[in-house]
Amino acid sequence: MKLLLSCFEWTAPILANELKILGYKPFDNFSTWMYVQWNEKDIWTLNLNSRIANKIFCEVGNSTINNFDQLFDFAYGIDWEKYVAKWHKVKVDANIFNSTIDSKKYTQSIVNKAILKKLVWDGRQRFSDPKFRPVNILVQIIENKCTIWVNTSGDSLHNRWYRVWTGDAPLKENLAASLIRLCNWHYKTPLLDPMCGSGTICIEAAMIARNIAPGLNRNFAFESFADFDKEEFENMKKELKSKIFQWNYEIVWQDINPKMIEIAEMNAKSAWVADTIKFECKDLFKTKQRNGFIVTNPPYGKRLRNYNLDGLYEKLIDMYKWNLGCFITSYENADKMVWYDFKIKNLNNNGEAVKVYLKK
Ligand SMILES: C[S@@+](CC[C@H](N)C(=O)[O-])C[C@H]1O[C@@H](n2cnc3c(N)ncnc32)[C@H](O)[C@@H]1O
């Protein structure tokens, strides 16, 4: 059986590399997902440790399907009680490529019916509780080969649950971790986020440096699976906690807005890294970072039209003469301003064109 790991565009090679470091062999890498083979505890290991993936799905069955009757029988044959607790609803998504069955809506509805019928006919009355998020099922039909997957993560893994509060445009935690990985920051070199907002980039950097597993602070969908062993899972978390270490890192964040520094500090405390980061309330124009890494997510967007954004980006880009690192933004003028060696990576984030500018 396989696990499917989904991710953002441009982060797929970073995720593949992370999987290799964790001891897996990713295969069939697409732009936004890849697979690994799995054994019993891999669902726990990967959900707890992946800094880059969005969600992790486990395969619960596969079969060749030519019509909706076959689809119903196949879906009905899966042992749903393992994955869907009495109090859960189900939400079915479908992806279909090049197959005889071509209606996404009907596929979703047939699989949904098969699951509910199976669970009721087995003699259990279901009282789905709206307090719980539905179990996410994914049906993939590629050239008549149907695979059904169950989301083991629940909430997307970018959600580490340490952010107590955020500013206007918080960066997703797994994108922040991807930026740190992308620029190959090594922990003994100074790292600065001069426009830190709610602090996500430095918090992720500190967690990477200190070997803090990103999933230690949250719950996962697999904790509701029938065969979930809470005691063993707690042991795995204890072991991961015992591998956290501390060193004298030079991770600094700054923001011009004192309120944002306060928020960032609260978030860092809840991520257990407040003692690893130096906080400064400072204007970018007064900053002189030399010979380190700058990783940041500058302000952008229509609301800031009256603000001197060009001046701010000029100053930031100038700082990369003496620093490595990258910045992420959807500011359209940035392309014209990167006048020396930057690699540009495109990311389509829900229809918004976001780019990463990586100092070569
Ligand atoms: C897009 S937000 C950063 C979001 C952040 N990555 C996060 O995850 O929350 C940009 C930040 O730049 C800060 N900023 C704007 N102009 C600045 C300046 N001249 N110097 C320092 N910080 C500035 C803003 O206060 C804002 O918090």
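The model is predicted, so local features need pLDDT of at least 70 and side-chain atom pairs pLDDT 80 or more, while totals for chains, interfaces and linings use all residues. Residues are numbered from 1 along each chain as its sequence is written.

Pro298 sits in the loop between strand S10 (293–296) and helix H9 (309–319). Helices (H or I, at least four residues) and strands (E, at least two) are DSSP runs, numbered from the N terminus. Pro298 touches Met195, Leu312, Tyr313, Leu316, Phe327 and Thr329, leaving aside residues up to four places away in sequence. Contact here requires C-beta atoms, placed from the backbone, within 7 Å. Phe327 lies 29 residues from Pro298 in sequence, yet their C-alpha atoms are 7.4 Å apart.

Met195 leads on to the ligand. It is among the closest of the 23 residues around the ligand, with Gly197, Ser198, Thr200 and Leu284. Such residues have a backbone-placed C-beta atom within 6 Å of the molecule. H6 and strand S8 (251–255) each give two or more residues to this shell.

Helix H6 (residues 200–209) also packs against helix H5 (residues 173–182), at an angle of about 65° and with axes 8 Å apart. Axes are lines fitted to C-alpha atoms over the stretch in contact; angles run from 0 to 180 degrees between N-to-C directions. H5 contributes Glu173, Ala176, Ala177, Leu179 and Ile180, and H6 contributes Thr200, Ile201, Glu204, Ala205 and Ile208.

Conventions: Contact = placed C-beta atoms within 7 Å.
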